[in-house]
Amino acid sequence: MENVLEIKDIQKSFGDNHVLKGISVSVNKGEVISIIGSSGSGKSTLLRCATLLEKADSGSIKYHDTYVAKTENDKEVYLSKKELNKVKSYFGLVFQQFNLFPHYSVLKNVMDAPISVQKRDKAVVEEEARELLKKMGLEDKADAYPCELSGGQQQRVAIARALALKPDILFFDEPTSALDPELTGEVLKIIRNLAEEKMTMVIVTHEMSFARAVSNRVIFMDGGYIVEEGDPEEVFGNPKQERTKQFLRNYQQ
Amino acid sequence: MSLFTMILKMSEGLGRTCAIFFLTILFALPLGMVVALLRMSKRKVVSAVTRFIISVLRGTPLMLQLLAVTYGPYYLFGFSVSRNKLVPVIIAFAINYAAYFAEIYRGGIESISKGQYEACEVLGYTKAQTFFKVILPQVVKRIMPSVTNEVVTLVKDTSMAFTVSYQEMFTIGKQIANSQTSFMPFIVAGVFYFVFNAIVDFVMGWFEKKLNYYH
Ligand SMILES: Nc1ncnc2c1ncn2[C@@H]1O[C@H](COP(=O)(O)OP(=O)(O)O)[C@@H](O)[C@H]1O
Ligand SMILES: [Mg+2]
């Protein structure tokens, strides 16, 4: 199995608030991993450390064979900025709040980074971007602006924007939490399609039945620890830890 | 003096009025951005000093600043900034307006959500790309109403140049009013400013509309 991401024993504090207390996650190519857990358990912080939006205090983060960060002599050492930029092309992140560029059309939102960051050929990028939008069911929205779209459509554009950079792994931080309930389905369906195409994904979500159906592995986080991890049928159907049981019970109510 | 001669004479100063207006815009708009970025600097000393300078520039009369730049160097060091009075006038105006623009820019920049920066970071944009491609265009749209306000004020403020006897439209009008003991020049000046600002309003409104393709 080809390893895409390996996180080992990362810790992260904000002041006195010890948020990640030694988290290790390994993601293989083609795997879909769901992370569940109550609010404040550190799920977003974990994704933000993995996507380099936050710096871990200790522990290691490795994409493919490249150590992005590791602890040397008790100090956390990150790659230089230049080397980090190369690593950034390995992953994509889909935000809860979409964070599309409001002043760009849908098509430009998708095309801009491949052109201005990856310096790829405009004509090729445009063709791929239109193809992606078609996959997202948005081919007729290419010239629309984000403000003209529903939340579900905006999130699908955000997914297309992330995919346009051809990442090896895609992170989602509660991709449907900002959506009206009737719009979550269309976004989840897109993610499910990506899973069928063997896209490597790590998804933080509160959609339990979705997580159970789509993932190869489920991670339950609580209080900055990974409390339980395993096959979705095991974690949801027959949880081992008391805290997992409690969390799932609360969710079923 | 006939009304026609009066208008003709004052029109001669209109070129200088326009010079103050356009040159101030030309220098103060970018300078304001530099000041805003210094004001938002992570270095405490830089931002504190900038903040102090801004508060002095906004807290003292433009008239005083005009006098200081035009005559200050002479009284303090025995030389003038330039023989052409337009130079100190533009320096004073540009610095004063930069302070106002800086605060407008700062408000605009701070109103952009953190998510925009984070999206850029994850997508791999450089700092410069993030600022010029994503942040600045959105800031420009948001600050347009406040900038329009300042520009309208600037049209009227050009008349302050009379304090250093720079021969722009209002200064000439004031001289005519004195020598002719007539109030007419002030009415003419008022009409000039009103028409000038109607044009400014039109142009800024057109620009705002152009930016209305999204919200
Ligand atoms: N930038 C930050 N500064 C300070 N505290 C933060 C920051 N980000 C997250 N936290 C804190 O870290 C804890 C975990 O937050 P988060 O990772 O967002 O949890 P989750 O995504 O599981 O709800 C919370 O107590 C939150 O207040
Ligand atoms: Mg979160």
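Predicted model: local features only at pLDDT ≥ 70, side-chain atom pairs only at ≥ 80, totals over all residues.
A salt bridge here is a side-chain nitrogen of Lys or Arg within 4 Å of a carboxyl oxygen of Asp or Glu.

**Chain A overall**
- Chain A has nine helices and eleven strands. Its radius of gyration is 18 Å, close to the 18 Å that the globule rule gives for 253 residues, so chain A is as compact as a globular protein of that length.
- The C-alpha trace of chain A spans about 50 × 45 × 35 Å along its principal axes.
- Of the 253 residues in chain A, 56% are buried.
- Taking contacts in chain A between residues at least 6 apart in sequence, 64% join residues at least 24 apart.

**Nonpolar cores**
- The largest nonpolar core holds 96 residues, and Ile10(A), Leu46(A), Tyr63(A), Ile169(A) and Phe171(A) have the most contacts inside it. Helix H4 (residues 86–110) of chain B gives the most to this core, with twelve residues.
- A second, separate core of 39 residues includes Leu100(A), Leu133(A), Leu188(A) and Ala195(A).
- Leaving aside residues up to four places away in sequence, Tyr63(A) touches several residues, among them Val4(A), Leu5(A), Phe91(A), Ile169(A) and Phe171(A).

**Salt bridges**
- Lys62(A) counts as buried, at 17% relative accessibility.
- Glu126(A) pairs with Arg130(A) in a salt bridge, their closest N and O atoms 3.0 Å apart. Both lie in helix H4 (residues 122–135) of chain A, about one turn apart.
- Asp222(A) forms a salt bridge with Arg243(A). Asp222(A) sits in strand E10 and Arg243(A) in helix H9, so the pair ties together parts 21 residues apart in sequence. Asp222(A) is buried at 18%, while Arg243(A) is partly exposed at 40%.
- Arg48(A), Glu54(A), Lys114(B) and Glu118(B) are joined into one network by salt bridges that share partners.

**A nonpolar patch on chain B**
- Residues including Leu3(B), Ile7(B), Phe183(B) and Phe202(B) form a nonpolar surface patch with about 1100 Å² of accessible area together.
- H8(B) gives the most to the patch, with eight residues.
- Phe183(B) is found in the loop between H7 and H8 of chain B, and is exposed at 57% relative accessible area.

Technical notes:
Residues numbered from 1 in each chain as written. Chains lettered and ligands numbered in written order. Heavy atoms only, no water. Patch = residues over 30% accessible without salt bridge, like charges linked within 9 Å, V, L, I, M, F, W, Y side chains within 5 Å. Areas by Shrake-Rupley, 256 points an atom, 1.4 Å probe, with all protein chains shown as cover. Helix = DSSP H or I, 4+ residues; strand = E, 2+ residues; numbered from the N terminus. Buried < 20%, exposed > 50% of the residue type's maximum accessible area, 1.4 Å probe, protein only. Rg over C-alpha atoms; globule rule 2.2 N^0.38 Å. Contact = heavy atoms within 4.5 Å. Core = buried A, V, L, I, M, F, W, Y, C linked by side-chain atoms within 4.5 Å.
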